[in-house]
Amino acid sequence: MQLNPYGQDAVNLAAALANRRPETAAELADRCRAAGLVLESAATPDDLDRVQAALDAWEKIVDAADERDRAELVNRMLAEAAAYPRLTDHDGGPWHLHYRDDGRPLGSVLAALIAVGTALHLVGRGMHRLRRCAVAECATIFADTTRTGRQRYCSHRCANRDAVRRHRARSARSPVS
Ligand SMILES: [Zn+2]
Ligand SMILES: [Zn+2]
């Protein structure tokens, strides 16, 4: 996976993993591969632990009270997970940036990818564009990559569910004649 300037793939992968946590190292590896990540070695239970810890930290970023708080938490994750950026053209690919040291295990690679991808997403598209679905009992996390930046629901299903609910609430308030 190459980080595009807006970190979209990385932040979406973080949301997918946080919303449905991988239960085994093998599942983690499969889902990373499906997202376009090239794995240098097999995933281990240590990788899974590292990723769960990174996702715990990442959910705090999602749930931050305000932008300043959010920035502080992102900076903390960057400091823990990422290294200085460097140019690489490994495996015959095009030149691109890595924000991590070479030869790191999958868990560390993912933590760096999530931290940097989230930082790029927030500064590129807007600090508010990471949230949970507005349907309270859903709580699914999503990165808002819409043009307007006003996405409130994780899916059309939740948007419709809430519209129906608001309609019913209005009907209940207005007297039936
Ligand atoms: Zn690379
Ligand atoms: Zn939802």
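Begin by selecting helix 1 (residues 8–19) and helix 5 (residues 106–125), which pack at an angle of about 115 degrees with their axes 8 Å apart; axes here are lines fitted to C-alpha atoms, for helices over the stretch in contact, and angles run from 0 to 180 degrees between N-to-C directions. Helices (H or I, at least four residues) and strands (E, at least two) are DSSP runs, numbered from the N terminus. What you have open is a predicted model, in which local features need pLDDT of at least 70 and side-chain atom pairs count only at pLDDT 80 or more, while totals for chains, interfaces and linings use all residues. Residues are numbered from 1 along each chain as its sequence is written, and chains are lettered from A and ligands numbered from 1 in the order in which they are written.

Stay with this pair and show the side chains. From helix 1, Gln 8, Ala 10, Val 11 and Ala 14 meet Leu 113, Ile 114, Val 116, Gly 117, Thr 118 and His 121 of helix 5, two residues being in contact if their C-beta atoms, placed from the backbone, lie within 7 Å. The residues of this contact divide into 6 nonpolar, 4 polar and no charged, where Ala, Val, Leu, Ile, Met, Phe, Trp, Tyr, Cys and Pro count as nonpolar, Asp, Glu, Lys and Arg as charged, and the others, Gly among them, as polar.

Next, select Leu 110, Ala 112, Ile 114, Ala 115 and Val 116, which touch the most other members among the 40 residues of the largest nonpolar core. Such a core is a set of buried Ala, Val, Leu, Ile, Met, Phe, Trp, Tyr and Cys residues joined through C-beta atoms within 7 Å, and a residue is buried if 20 or more other C-beta atoms lie within 10 Å of its own, exposed if 12 or fewer, and partly exposed in between. The elements that give two or more residues to this core are helix 1, helix 2 (25–34), helix 3 (45–62), helix 4 (67–81), helix 5 and strand 4 (141–143), and helix 5 gives the most, with 11 residues. Centre on Leu 110 and, leaving aside its neighbours within four places in sequence, you will find it in contact with Cys 32, Val 51 and Ala 54.

Follow helix 5 to Gly 124, which counts as partly exposed because it has 14 C-beta neighbours inside 10 Å. The C-alpha atoms of Gly 124 and Tyr 6 are separated by 5.6 Å, although the two residues are 118 apart along the chain. Beyond four places in sequence, Gly 124 is in contact with Pro 5, Tyr 6 and Gly 7.

Two loops come next. Asp 91, in the loop between strand 1 (86–88) and strand 2 (96–98), has a positive phi of about 55 degrees although it is not a glycine, and Asp 91 is exposed, with 7 other C-beta atoms within 10 Å. Ala 139, in the loop between strand 3 (130–132) and strand 4, likewise has a positive phi, near 65 degrees, but is partly exposed, with 13 other C-beta atoms within 10 Å.

Now select residues 129–170, where UniProt, in an unreviewed entry, places the feature "domain: Zinc finger CGNR"; UniProt positions are given in the numbering used here, feature names are shortened, and annotations may be inferred rather than shown by experiment. The span is 36% helix and 14% strand, and its end C-alpha atoms lie 29 Å apart.

Finally, zoom out to the chain, whose secondary structure comes to 6 helices and 4 strands. Its C-alpha trace spans about 70 × 30 × 30 Å along the principal axes, and 29% of its 177 residues count as buried.
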